[in-house]
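I opened my notebook to look a structure up, one feature at a time. Come and read along.

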Amino acid sequence: MAVCRTIAIVLTPHALRAHLLATRIAGTVATTREESLRSYRLFAARDPRVLIGIDPVWAWGERDVVELMARRCGVSADPRCVSGPEVIDPELTLAALDAYAERLARAARRRAAVLIGTGHPHRLLGFYAALADALSAAGCAVLTPAQGRCVDITTRFGLRTYNLGYVRGVALVRDGDPERPGCEPGAHTHSPLPVRAVLDAAAEAGGPLPELVIGDHGWACGAGQLGFEAIALADVNDPAPFVGEAEGRVSVVVPLDDGVRSDYYLPLTRYVLNRACLSQ
């Protein structure tokens, strides 16, 4: 990939690595081993709460999932490691960010239609909104179908109705209960139902359909399962995107802690946009 000369602050991989470790986006992260192993067990049992839109083709036992996550994220592959904080190898994060940037650059060169959505708006909205702004400036159509459409999602509190919305070109859901205050900037969800509703609406309207879906959780997994190219950010207790990547349904997954302070992701934004030659 060509390295662009821009007036933006350019982070070297070494500097970004230091930032990842200092903010615990990678290195020793807040996710616990207990959380991860519980998710791996549920994935092996095909629990839809953990599949988040991926329908695995291969047989994935718990041990298989652990070994995959060790290769893709850097977590321990030792079955005797059952407690304590998880670890993400920052070198794997950096390599995945480079691949992620290449997919963005390819979309920009093609002026492709893109769809961007997040189930983690409180943490990642700023990261995705910067991508939307940069891709739009490069001539890409940032799609916003199904604005205001209702989506029923089963949660641990029962069935709830959410409304699809967009903030700076980024799709998210908000609580649709009129007796509950609005969730700003949106609600946390792992469900693939929102992206299915958005893609259905785009198809019903006669297109365009996205050439690339950018997101996390069910947004990336749900789109990838339907055959759309998808790239994702994912935490180590969310094995579905990594399984989707291993099986060829998600193009790139960046391993990182997806729950740190939102401003901590700003250097990642700068790094990715610079590597994609999209810095403004």
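**Sorting the residues.** Before I count anything, I need the classes: Ala, Val, Leu, Ile, Met, Phe, Trp, Tyr, Cys and Pro count as nonpolar, Asp, Glu, Lys and Arg as charged, and the others, Gly among them, as polar. I also remind myself that this is a predicted model.

**The largest pocket.** I looked up its volume and found about 1,200 Å³. Of the 36 lining residues, those closest to the centre are Arg-49, Arg-156, His-188, Thr-189 and His-190. Elements giving two or more residues to the lining are β1 (27-32), α2 (33-44), α3 (48-51), β4 (150-155) and β5 (158-167). Which element gives the most to this lining? I found α2, with four residues. Sorted by class, the lining has 13 nonpolar, twelve polar and eleven charged residues.

I then picked Leu-268 and set aside its neighbours within four places in sequence; its contacts are Leu-16, His-19, Leu-20, Ile-25, Leu-97, Phe-127 and Leu-256.

**Cysteines.** How many disulfides does the structure hold? I counted zero. For Cys-140, the nearest cysteine sulfur belongs to Cys-277 and is 14 Å away. Cys-140 has 5% relative accessibility, so it counts as buried, the cut-off being under 20%. Cys-277 is partly exposed, because its relative accessible area is 36%. Cys-277 lies in the segment after α10 (266-275), and its phi is positive, about 60 degrees, although it is not a glycine.

**Another positive phi.** His-217 has a phi near 45 degrees, and it is not a glycine either. I found this residue in helix α8 (residues 217-225). Is His-217 buried or exposed? It is buried, with a relative accessible area of 2%.

**A glycine in a loop.** Gly-169 sits in the loop between β5 and β6 (170-175). Its relative accessibility is 16%, so I noted it as buried. Gly-169 and Ala-129 are 40 residues apart in sequence, yet their C-alpha atoms are 6.6 Å apart in space. Leaving aside neighbours within four places, Gly-169 is in contact with Ile-116, Val-142, Leu-143 and Thr-144.

**A cis bond.** My last entry is the peptide bond joining Gly-207 and Pro-208: it is cis, with omega about 0 degrees. Pro-208 lies in the loop between α7 (193-204) and β7 (212-216).

Notes
Residues are numbered from 1 along each chain as its sequence is written. This is a predicted model: local features need pLDDT of at least 70, side-chain atom pairs count only at pLDDT 80 or more; totals for chains, interfaces and linings use all residues. Side-chain values use heavy atoms; hydrogens and water are left out. On a 1 Å grid over the protein atoms alone, a cavity is a set of points where a 1.4 Å probe fits but cannot get out, and a pocket is an open set with protein on both sides within 12 Å along at least five of seven lines; lining residues have an atom within 4 Å of a point. Grid points are joined across faces, edges and corners, and a volume is the space filled by probe spheres set on the points. Contact means heavy atoms within 4.5 Å. A disulfide is a pair of cysteine sulfur atoms within 2.5 Å. Buried means under 20% relative accessible area, exposed over 50%, partly exposed in between (1.4 Å probe, protein chains only).
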